[in-house]
Every structure is written in structure tokens, then in C-alpha cells.
Amino acid sequence: MSIFMSLLLLLSVLMSTQAPQAAADFYKDAEITWGDQRAKIMNGGRDLTLSLDQASGSGFQSKNEYLFGRFDMQLKLVPGNSAGTVTTFYVSNLRYILLYHLKELDMMRLIEFLGNSSGSPYTIHTNVFAQGKGNKEQQFQLWFDPTSSFHTYSVVWNPQRIIFLVDDNPIRVFNNQESIGVPFPKSQHMRVYASLWNADDWATQGGRVKTDWTKAPFTAYYRNFKIKGCPKSSSGSSSCGSSTSSDSNEQWRTHELDAAGRNRLRWVQSKHMVYNYCSDKQRFANSVPAECKRSRFL
């Protein structure tokens with residue numbers, strides 16, 4: 001194991017075990033949206049569990065909507081044989097799609113955790129939708145056991161870029177490249193969503209491995225839900241204005257990768273990426289999408 005890899009793994013462990021456990025309150029910041037009693041807020045609002053059985057899964061969403069921000073969640077995934085299950089944490093304007101029949105879905109889908117057979121690594125599935133256009137999938141296999149302890153999964157979304165992070169290690173950057181015709185989500189307020197549901201028609205080995213319902217109920221654990229962002233005001237606009245504060249709560253506004261962050265991103269993508277739409281020659285036989293022609297490490 002290289003020195004760099006060893007240091008990265010040590011940093012990941014320290015960040016996951018020593019992250020501040022302040023003040024997240026699911027009662028205040030979230031609402032359970034489906035699943036009846038399968039979703040439970042516990043420990044005075046500090047923890048939330050989602051369960052899945054053969055009748056139904058469960059889910060919740062943030063109470064507020066946001067236009068840009070940083071969204072952090074600590075998760076501990078379904079242990080053992082979780083084949084067929086999908087655990088999610090993502091940011092979307094899905095509510096407006098359903099209410100107003102809009103066609104321009106905007107979404108940063110971090111994270112879909114695709115369940116596995118016992119002993120196999122979890123696959124983390126990411127995607128970006130803007131103006132109704134998606135098909136920008138990248139998948140990774142985690143370098144730790146996400147079922148044995150909590151780890152922090154994050155989305156940073158500002159007008160310049162979207163950064164996906166695991167224990168503060170960047171795994172993907174999607175830059176705003178509207179200048180070359182690539183849609184970027186920047187006009188729709190979004191909520192945070194999370195869910196646990198059955199997708200055994202595709203989730204594990206392309207649907208070849210089905211959910212073993214004798215292992216139900218399946219349970220995923222959420223805690224330390226933190227949002228630093230621009231909530232929607234009563235007038236419908238963003239409440240952040242144009243502040244350029246250097247306060248730590250505002251750093252997400254201009255967040256970009258420094259040299260160390262780019263090195264970590266290269267390590268994750270070279271060692272743990274298992275699918276990249278930019279490299280899929282069957283899907284894009286004639287020409288890859290425009291954003292794929294530029295460096296993904298900037």
C-alpha cells in the first residue's frame with residue numbers, strides 16, 4: 001500500500017469518527033414522507049432510521065428548499081446481504097415535477113448505494129440531471145465498510161460546480177460548462193431527499209441477484225444532517241443574497257479543489273471508479289458528451 005493511500009485512508013477514518021456531533025435535529029429540519037412506521041426519528045431528533053420490508057420502503061425530505069448550498073449526512077448502510085436494496089441521499093426539485101408537471105428535472109443524485117451480496121463491496125452511484133437531461137452516471141466502490149460505522153456523504157452545489165464527497169474526500173466534480181452547451185442546475189430550488197427501497201430488478205448485478213426477503217426488515221441509519229445553504233424565502237427567492245463572507249459556513253459558495261483535493265480525486269477515480277459514462281463507447285459510439293472532452297479534475 002502506498003504512503004499516499006495509507007494517509008488518505010487514515011484521514012478518512014479520522015474524519016468519520018471525529019466529525020463534530022452537533023445539533024442536527026431531524027424534527028426541525030426533516031419530515032417523513034412515506035413508509036408509515038418504517039421511518040423513525042429517535043434520540044431527541046439526532047438520529048433517523050429507514051426500514052424496508054416486502055410491503056414498502058420509507059423516506060424523508062428536508063423541510064426547506066435551497067438554491068445552492070452544502071448538504072452533509074452521516075449514514076450507516078444496511079449490513080449483511082443487502083442485495084436488491086437501494087439507500088439514497090440526494091438533492092432534487094422532484095416536488096415541483098410532481099406538483100406542476102414540469103419536464104425540467106434538476107437533481108444531484110448523491111448517493112444511491114446499490115446493495116450487495118454478503119462480502120461484496122457496496123457500489124455508490126452518482127448522477128447529475130439538469131433541464132431534464134441526465135445520463136451522466138459515475139459509479140464507485142467504497143474503500144471501507146460502510147455498514148460497520150457512520151461515514152459522511154456530502155454534496156457541495158454552487159454556481160460554478162457540484163462536488164460529491166465521501167468523508168470530505170472528493171469523488172466527483174461536475175463543473176458548470178454552460179459555455180459549451182452543457183446544462184447546469186442553477187435556477188430551481190431543491191430539497192434534500194433520502195430513502196430506502198427495493199430495486200431488485202436492476203440494483204445488484206443488473207438485477208440478476210434478487211432481494212432475500214427472509215433477511216427483512218432492512219435498516220439504514222442516518223444522523224448529523226447538516227445544511228449550509230440558501231433556503232427559499234417566503235417571497236420565493238433565495239435568502240442568501242450576494243454575500244462573499246469568508247466564514248466557514250459560507251465557504252461552500254466558492255468551494256473548489258486545491259492541489260491536495262485534486263490528488264485525492266485522482267486516487268479515488270483511478271482506484272475505485274467502476275463506471276464512467278464518459279468512457280462508455282457503446283453508449284457514445286460517435287462522440288462523447290461535450291463535458292467529457294475537458295479535464296474532470298479541475
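Colleague: Where does Asp 47 sit?

Modeller: Asp 47 is in strand β3, which covers residues 47-52. Keep in mind that this is a predicted model.

Colleague: Which side chain of opposite charge is nearest to Asp 47?

Modeller: That's Arg 46, 5.4 Å away. Asp 47 has no salt bridge, even though it is buried.

Colleague: Why doesn't Arg 46 count as a salt bridge partner at 5.4 Å?

Modeller: Because a salt bridge needs the side-chain nitrogen within 4 Å of a carboxyl oxygen, and Arg 46 is 5.4 Å away.

Colleague: What does the side chain of Asp 47 make a polar contact with?

Modeller: The side chain of Asn 43, at 2.3 Å. Beyond its neighbours within four places in sequence, Asp 47 is in contact with Phe 26, Lys 40, Ile 41, Met 42, Tyr 222 and Arg 223.

Colleague: New topic. Where does UniProt place the "active site" feature?

Modeller: At Glu 104 and Glu 112, according to an unreviewed UniProt entry. Glu 112 is in strand β7, residues 107-114.

Colleague: Is Glu 112 buried or exposed?

Modeller: Buried, because its relative accessible area is 7%, and the cut-off for buried is under 20%.

Colleague: And helix α4, how many residues does it have?

Modeller: Helix α4 has 13, residues 259-271. From first C-alpha to last it reaches 18 Å, close to the 18 Å expected.

Colleague: What happens at the start of α4?

Modeller: A side-chain oxygen of Asp 258 comes to within 3.3 Å of the backbone nitrogen of Ala 260.

Colleague: Which residues of α4 are buried?

Modeller: Gly 261, Arg 264, Leu 265, Trp 267, Val 268 and Gln 269.

Terms used: Residues numbered from 1 in each chain as written. Predicted model: local features only at pLDDT ≥ 70, side-chain atom pairs only at ≥ 80, totals over all residues. Heavy atoms only, no water. Helix = DSSP H or I, 4+ residues; strand = E, 2+ residues; numbered from the N terminus. Expected span 1.5 Å × (residues − 1). Buried < 20%, exposed > 50% of the residue type's maximum accessible area, 1.4 Å probe, protein only. Polar contact = N/O pair within 3.5 Å; in protein donor to acceptor, adjacent residues only side chain to side chain. UniProt positions renumbered as here; feature names shortened; annotations may be inferred. Lys, Arg positive; Asp, Glu negative; His and termini not counted. Contact = heavy atoms within 4.5 Å.
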